[in-house]
Structures are given as structure tokens and as C-alpha cells.
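Student: Could we go through this fold together, one question at a time?
Tutor: Gladly, have a look at it first.

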Amino acid sequence: KTGEEQERVVFGGDATLFEFADGSWKERGKGEMKVNVPEEKTSKPRLVMRSKGNYKLLLNAGLFADMKLASMDSRGVTFACVNSAVEGKSGLTTYAVKFRDSTSAGSFRDAVETHKSGSQPQVPKAPENSPRAPHESS
């Protein structure tokens, strides 16, 4: 069991994962970066990446509505998230994922942008309770 049995993969592509730590980018592994969407609305969409070969979990991070993606050349995308796959770390960490081609990078961005807005509970909330910041420019 991987924990992904009740999820649908809406994006999958080979990539290299980097973490920004101690003032520079550190490679964390190579494998398939996936955007998984739960079949039931009880959990959130998430990013999952396992290393090639041994399937060690490199990244396990829930998408959130205010998640910002930034381009890093044509094949790379950076983002901040909480990675529950790393022991002893909490809080946001900046990651970069570099794909083989710009098409994969674009498809990854599209999948995250599409599903991050649906990562909030499906219960309507009053505007004053909304976790989104008012009218930020993207």
C-alpha cells in the first residue's frame, strides 16, 4: 500500500526535486512528480514524488489555495509548501522541480493551478472567514 489507492493522478512526469536550504539549491532526488486528487472530497489534492528505483517518498505536500508557483527557466517551477515526507521539519520550505521539457512543466503548473482552488473544504463560508488574502496581484 502506498496511501495513493483512493486518489486519481491528474499529472505525472519525470523530474528532479531541489530544496532551497542554507542559501543554495540542494538536489533531493529524481522520480515521478504527481498531482493527486482524492476520489472523495474528505481530503485535499496533493503533490507526491517518490524516487526512482526504491520509491522513497521525497515530497508529500497538500495543495492550498494561496500556493504560488514561479517559473525557473522553461523547464522548472518553484513553490513553497509543507513537506510531510521530511522528518523533523515543519513550516514552509521552498522547492523547485525541474522537468525534462517545457511541456511537462506547463502541464504541471496547469494541474496545480486547477486543483489548488479546490483544496478548500467544499462548505460555503462567509467572506470574513475566508483564508484567502484580499485582492492580491498574481
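Student: Does threonine 93 count as buried or exposed?
Tutor: Threonine 93 lies in strand β7, a strand being a DSSP run (E, at least two residues) numbered from the N terminus, just as helices are runs of H or I with at least four residues. Buried means under 20% relative accessible area, exposed over 50% and partly exposed in between, with a 1.4 Å probe and protein chains only. Because its relative accessibility is 11%, threonine 93 counts as buried.

Student: Before we go on, what kind of model is this?
Tutor: Residues are numbered from 1 along each chain as its sequence is written, and side-chain values use heavy atoms, leaving out hydrogens and water. Local features need pLDDT of at least 70, side-chain atom pairs count only at pLDDT 80 or more, and totals for chains, interfaces and linings use all residues, for the model is predicted.

Student: Which residues is threonine 93 in contact with?
Tutor: Contact means heavy atoms within 4.5 Å. We leave aside neighbours within four places in sequence. The contacts of threonine 93 are then Glu19, Phe20, Phe79, Ala80 and Cys81.

Student: Is methionine 72 buried or partly exposed?
Tutor: Look for methionine 72 in strand β5. Since its relative accessible area is 30%, methionine 72 is partly exposed.

Student: In what order do the seven strands form the open sheet?
Tutor: Two strands pair if DSSP finds at least two bridges between them. Here the pairing is antiparallel. The edge strands, each pairing on one side only, are β4 (57-62) and β5 (69-72). The order is β4-β3-β2-β1-β7-β6-β5.

Student: How many bridges join β1 and β2?
Tutor: In their hairpin, two residues sit between the strands, and aspartate 22 takes a positive phi near 55 degrees. Arginine 8 has valine 37 in β2 as its bridge partner. The antiparallel pairing of β1 and β2 covers 14 bridges.

Student: Which residue in β4 stands opposite leucine 47?
Tutor: Strand β3 (residues 46-51) runs antiparallel to β4, and five bridges join them. Opposite leucine 47 stands alanine 61.

Student: What angle does the direction of helix α1 make with that of β1?
Tutor: Axes are lines fitted to C-alpha atoms, for helices over the stretch in contact, and angles run from 0 to 180 degrees between N-to-C directions. Helix α1 (residues 102-116) packs on the sheet, touching strands including β1 (7-21) and β2 (24-38). The angle with β1 is about 110 degrees.
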